[in-house]
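Welcome! Here is a short tour for anyone meeting this structure for the first time. Take a look at it, and then read on.

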Amino acid sequence: MIDAQCYYEGRWHEGRQGRRFSVENPATNATIGSAVAAGVEDLDLVIQSAVRAGASWAESPPERRGRLLQAACQAIMENQEDLARLLTTEEGKSLREARSEVAYGARFFEYYAGESVRIFGDTMPSASGSRSIWTVKVPIGVSALITPWNYPFAMICRKMAPALAAGCTVVVKPAEQTPLIAAQLFRVLEKVNLPPGTVNLITGDPEIIGPALVGDSRIRKVSFTGSTSVGRLILRGAAANITSVSLELGGNAPFIIFDDASVEDAVNGIMACKFRNAGQICVATNRIYVQRGVAAAVQDRLSEAVQHLRVGNGLDDDAQMGPLINREAVKKVAQHVADAVQRGATVAVGGEVREGVGFFYMPTVIAGVQDTMQLAQEETFGPVAPLLIFDAEEEVFGRANQTPYGLAAYVYTRDLGRAMRASKTLEFGMVGINDPVPSLVEAPIGGLKASGLGREGGHEGVLEFLETKYVSTRF
Ligand code: NAP
């Protein structure tokens with residue numbers, strides 16, 4: 001059994017009310033551990049810890065912060081295998097994917113170790129010539145980092161590393177399905193000797209601690225990754241104290257394959273984009289638009305590839321795809337497929353729940369999907385590849401943009417002009433041209449429209465945890 005407690009003042013603490021909740025392995029339904037169900041009293045202590053450490057961390061030499069972040073990267077990689085095994089056990093993804101998520105998370109610490117010494121302001125000429133004007137970047141303050149279950153390790157790292165580089169102390173609130181991997185990250189970070197109070201962890205029911213955390217006046221930044229519906233609640237909660245908010249929310253990504261593209265590359269791209277983590281990825285394609293001339297070839301090749309995907313417990317060496325996170329997730333996927341079939345779509349591969357233990361839905365290809373079906377309207381968050389047909393470029397760009405979401409879009413073409421038009425026309429924060437996995441550490445990741453506010457990763461990621469202070473001197 002694995003145990004997660006709250007972490008503050010550099011130590012582990014049981015909850016004041018002594019309540020806990022259990023955590024299940026989605027591949028076996030076995031209980032694997034439990035975490036503290038914290039109350040508002042615990043939350044107060046956690047925030048207090050971050051506040052106490054805040055001033056000295058903000059004033060600490062950037063080079064020292066950078067060294068600690070570099071050490072964090074190293075400590076994570078030294079524990080990569082153990083972290084990956086726990087990640088698979090708790091979240092379900094295959095071990096190969098879990099190792100890669102841990103390495104991805106570690107790279108954020110490495111990247112922001114470098115960034116910590118490159119935080120600087122500007123000078124600018126005054127219009128009258130009799131003033132000296134300059135800016136300085138200052139840490140925004142104590143930051144609440146609220147993360148989802150689908151990339152429960154990397155999403156913490158993607159927020160924590162830039163926050164620490166900027167000089168902010170943090171309170172992490174992981175998802176209820178995945179508190180154990182968050183606690184394990186904290187155990188690894190203990191080896192780095194960050195000053196007590198720099199990083200803090202609280203686990204529990206978001207209805208109790210969520211609004212209290214977001215609405216606390218000591219919190220100056222909320223960095224949230226999760227669903228658009230909860231993102232709206234966070235925005236409302238942050239309004240009370242005009243707290244700065246970054247939101248990485250849901251998507252509905254189009255994947256457009258033109259006649260001139262390599263069908264083989266496009267199908268490999270779909271496999272990487274759609275079936276990783278059993279399709280539970282914010283940037284996973286939700287709508288695959290195929291130009292009529294290559295529709296049959298794409299369907300055949302994709303069906304062939306999907307049929308060979310090995311589904312099983314992520315800890316098994318040969319499993320390529322694991323379970324979904326819980327029963328509700330399986331129900332939602334089954335509902336979307338049933339809606340499409342009822343309205344005339346045809347299942348080419350899969351299309352069924354795997355009976356027995358675990359929350360498995362078989363990898364699926366479904367053809368004849370229309371824009372109005374649930375599969376194309378809502379984030380399915382499962383291993384279902386819906387194929388839609390189009391004829392013309394202008395038509396498909398218009399259909400792709402017909403969504404309130406704007407996180408990621410993918411285009412497969414060999415025509416440079418078309419690629420350039422796609423990058424300009426598609427209303428999405430990330431456009432992958434012949435690239436199915438553009439979520440790079442060094443790139444600004446984030447969405448337009450209902451997919452969010454702000455960016456994570458790259459230089460822009462650290463700016464989310466900084467404010468600009470401006471000084472004018474008359475002479
Ligand atoms: P979620 O239900 O919105 O939960 C996200 C986090 O918010 C969890 O820690 C959750 O805690 C917490 N939470 C829930 N209600 C809250 C409240 N009222 N106040 C404060 N916190 C609250 O999302 P999810 O199901 O975990 O994650 C899947 C979603 O995340 C998908 O929509 C996916 O697209 C999105 N996502 C986006 C990105 C991106 O980069 N844009 C990356 C990954 C995932 P509990 O778990 O305890 O409820």
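## Two helices side by side

Angles under 35 degrees count as roughly parallel, over 145 as roughly antiparallel, 65 to 115 as roughly perpendicular and the rest as oblique. Helices (H or I, at least four residues) and strands (E, at least two) are DSSP runs, numbered from the N terminus. Axes are lines fitted to C-alpha atoms, for helices over the stretch in contact, with angles from 0 to 180 degrees between N-to-C directions.

This is a predicted model, in which local features need pLDDT of at least 70 and side-chain atom pairs count only at pLDDT 80 or more, while totals for chains, interfaces and linings use all residues. Residues are numbered from 1 along each chain as its sequence is written, and side-chain values use heavy atoms, leaving out hydrogens and water.

Helix H4 (residues 95-115) packs with helix H5 (residues 154-166) at an angle of about 10 degrees, their axes being 8 Å apart. H4 and H5 are therefore roughly parallel to each other. Contact means heavy atoms within 4.5 Å; among the residues making it here are Tyr104 and Phe108 of H4 and Met160 and Ala161 of H5.

## The sides of H7

Which residues of helix H7 (residues 206-214) are buried? They are Ile209, Gly210, Leu213 and Val214, where buried means under 20% relative accessible area, exposed over 50% and partly exposed in between (1.4 Å probe, protein chains only). These residues cover an arc of only 120 degrees around the axis, which puts them on the same side of H7; the arc is that of the directions from the helix axis to the C-beta atoms. Glu207 and Pro211 are exposed on the other side of H7.

The buried residues of H7 have several packing partners, including helix H1 (40-59) and helix H8 (228-239).

Now for the strands, which pair if DSSP finds at least two bridges between them. Strands S13 (residues 253-257) and S14 (residues 285-291) run parallel, joined by 5 bridges.

Ala348 sits in strand S15 (residues 346-349). Ala348 counts as partly exposed because its relative accessibility is 34%. Beyond its neighbours within four places in sequence, Ala348 is in contact with Gln299, Ser303, Val365 and Ile366. Ser303 is 45 residues from Ala348 in sequence, yet their C-alpha atoms are 6.7 Å apart in space.
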